[in-house]
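Good morning. I will take a few minutes on one protein chain, so please look at the screen.

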Amino acid sequence: MVQKMVECADSAAQQSALCAALLPSIMQLIRDMNANPVVQRCLDHAPAPHREEIIGEVVRLAPKLVVDPFGNYVVQYILDLRQPPLTHAIVQALRGGFAELSLQKFSSNVIEKCPTSGDPSLPPISPISPHLSPIGASSRATPPQSRWSP
């Protein structure tokens, strides 16, 4: 119901009032299975000041949200906007925890999106070092010979 209200609000004043009412409880809403899509619709339809406020809270809370079963979706949603300043802000908020977060069920989805959500003019980050051959490649190194082999 609230999601439809956000989508169908006719004026900036109505959208602003709805988003302002949600802001004090944004963390609880983001982490709730049913309220999470409402926050995403607010990001789509909110006037710029409220949208920036919501995004600021998501960035501030990103370390907690990425490990949450529903919170990680809002962080991914912001990364999917493919706005380099937003991606940079999220990456900075998660800085120092990438290795651990990449191993966890929910946060690993966010970590996978970080390299592809940045500045499109930069080359993509390769998951494989140029010095290593991919698993299954035919150019595998020969195994070391045993000193006991003839």
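This is a predicted model: local features need pLDDT of at least 70, side-chain atom pairs count only at pLDDT 80 or more; totals for chains, interfaces and linings use all residues.

What secondary structure does the protein have? There are nine helices and zero strands. Written along the sequence, the pattern is α-α-α-α-α-α-α-α-α.

Now the chain as a whole. The protein has 150 residues, and 35% of them are buried. The accessible surface is about 9700 Å², and carbon and sulfur atoms account for 59% of that surface. Then the contacts. Among contacts with a separation of 6 or more, 65% are between residues 24 or more positions apart.

Next, the pair. Helix α4 covers residues 36–45, and helix α5 covers residues 48–65. At what angle do α4 and α5 pack? The angle is about 135 degrees, and the axes are 8 Å apart. Angles over 145 degrees would count as roughly antiparallel, and 65 to 115 as roughly perpendicular. The angle here is about 135 degrees, so α4 and α5 are oblique to each other. The crossing of these two helices is left-handed.

Which residues meet there? From α4 we have V39, C42 and L43, and from α5 we have R51, I54 and I55. Sorted by class, this contact has five nonpolar residues, one charged residue and no polar ones. Arg counts as charged, so R51 in α5 is the charged one.

Key:
Residues are numbered from 1 along each chain as its sequence is written. Side-chain values use heavy atoms; hydrogens and water are left out. Helices (H or I, at least four residues) and strands (E, at least two) are DSSP runs, numbered from the N terminus. Buried means under 20% relative accessible area, exposed over 50%, partly exposed in between (1.4 Å probe, protein chains only). Contact means heavy atoms within 4.5 Å. Accessible areas come from the Shrake-Rupley method with a 1.4 Å probe; for residues, only the protein chains shown count as cover. Axes are lines fitted to C-alpha atoms, for helices over the stretch in contact, and angles run from 0 to 180 degrees between N-to-C directions. Angles under 35 degrees count as roughly parallel, over 145 as roughly antiparallel, 65 to 115 as roughly perpendicular and the rest as oblique. A crossing is left-handed if the near helix is turned anticlockwise from the far one by less than a right angle, and right-handed if clockwise.
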